[in-house]
Amino acid sequence: MDSKPPECFGCDPRARGVRVDLSPQKSIVLPHEHFVYAEFMADEQIDLLKLVFVTHEVILTGYLLRRVETAILNRDLSWLCARPENFHQQTSDRPFIKKLALRNLEQVKGAPEGDSKVSEG
């Protein structure tokens, strides 16, 4: 039996964009060329990483997310997804995403906040 926890992100130096898995049935691909900036915040218990693209904002909550930030800056990041908290191993040295939120930044008439979707593992 494989005891390795499932991955929450992937890297590929040939990736031209980031696939964000919102659920097993829904995903969105954001081109690396549309990446604007990243904002990382950490406290003693949890990390928060905001990735801003031209049309969307992706907010990740989890552990060791600095590695995900480095991957997007190097344009190696190829996909992201959230996993249930019970898959997180406290002693793991791997990044873990427990919550992923996607917000559409394009203004939609009647919805000034834009569309927002949340995926929790």
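**Core, polar sites and aromatic pairs**

The largest nonpolar core has 25 residues. Those with the most contacts inside the core are Leu51, Val58, Leu60, Leu77, Leu80 and Leu100. A nonpolar core is here a set of buried Ala, Val, Leu, Ile, Met, Phe, Trp, Tyr and Cys residues joined through side-chain atoms within 4.5 Å. Buried means under 20% relative accessible area, exposed over 50%, and partly exposed in between, with a 1.4 Å probe and protein chains only. At least two core residues come from each of strands S2 (17-23), S4 (35-42), S5 (47-53), S6 (56-63), S7 (77-81) and S8 (96-104), and from helix H1 (66-73). S8 gives the most, with four residues. Helices (H or I, at least four residues) and strands (E, at least two) are DSSP runs, numbered from the N terminus. In soluble globular proteins, nonpolar side chains tend to be buried together.

The model is predicted; local features need pLDDT of at least 70, side-chain atom pairs count only at pLDDT 80 or more, and totals for chains, interfaces and linings use all residues. Residues are numbered from 1 along each chain as its sequence is written, and side-chain values use heavy atoms, with hydrogens and water left out.

Valine 58 illustrates the packing. Residues up to four places away in sequence set aside, valine 58 touches Val20, Leu30, Leu49, Lys50, Leu51, Phe53, Leu80, Leu100, Ala101 and Leu102. Contact means heavy atoms within 4.5 Å.

Two polar residues are also buried. Aspartate 21 belongs to strand S2 and has a relative accessible area of 17%, so it counts as buried. Its side chain makes a polar contact of 2.8 Å with the side chain of arginine 19. A polar contact is a pair of N or O atoms within 3.5 Å; within protein, one must be able to donate a hydrogen and the other to accept it, and residues adjacent in sequence count only if both atoms are side-chain atoms. Beyond four places in sequence, aspartate 21 is in contact with Lys26, Ser27, Trp79, Leu80, Cys81, Leu100 and Ser119.

Asparagine 104 lies in strand S8. Its relative accessible area is 15%, hence buried. The asparagine 104 side chain reaches the backbone nitrogen of glutamate 106 at 2.9 Å. The C-alpha atoms of asparagine 104 and histidine 56 are separated by 4.6 Å, although the two residues are 48 apart along the chain.

Two aromatic pairs were found in the whole structure. Phenylalanine 35 and phenylalanine 53 form an edge-to-face pair, because their ring centres are 5.6 Å apart and their planes stand at 70°. Phenylalanine 35 lies in strand S4 and phenylalanine 53 in strand S5, so the pair ties together parts 18 residues apart in sequence. Rings of Phe, Tyr and Trp (its six-membered ring) pair if their centres lie within 6.5 Å; planes under 30 degrees apart count as stacked, over 60 as edge-to-face and the rest as tilted. Phenylalanine 35 is buried at 18% relative accessibility, and phenylalanine 53 is buried at 2%.

The disulfide count is zero, a disulfide being a pair of cysteine sulfur atoms within 2.5 Å. The cysteine 81 sulfur is 5.5 Å from the closest cysteine sulfur, in cysteine 8, too far for a bond. Cysteine 81 is buried at 6% relative accessibility.
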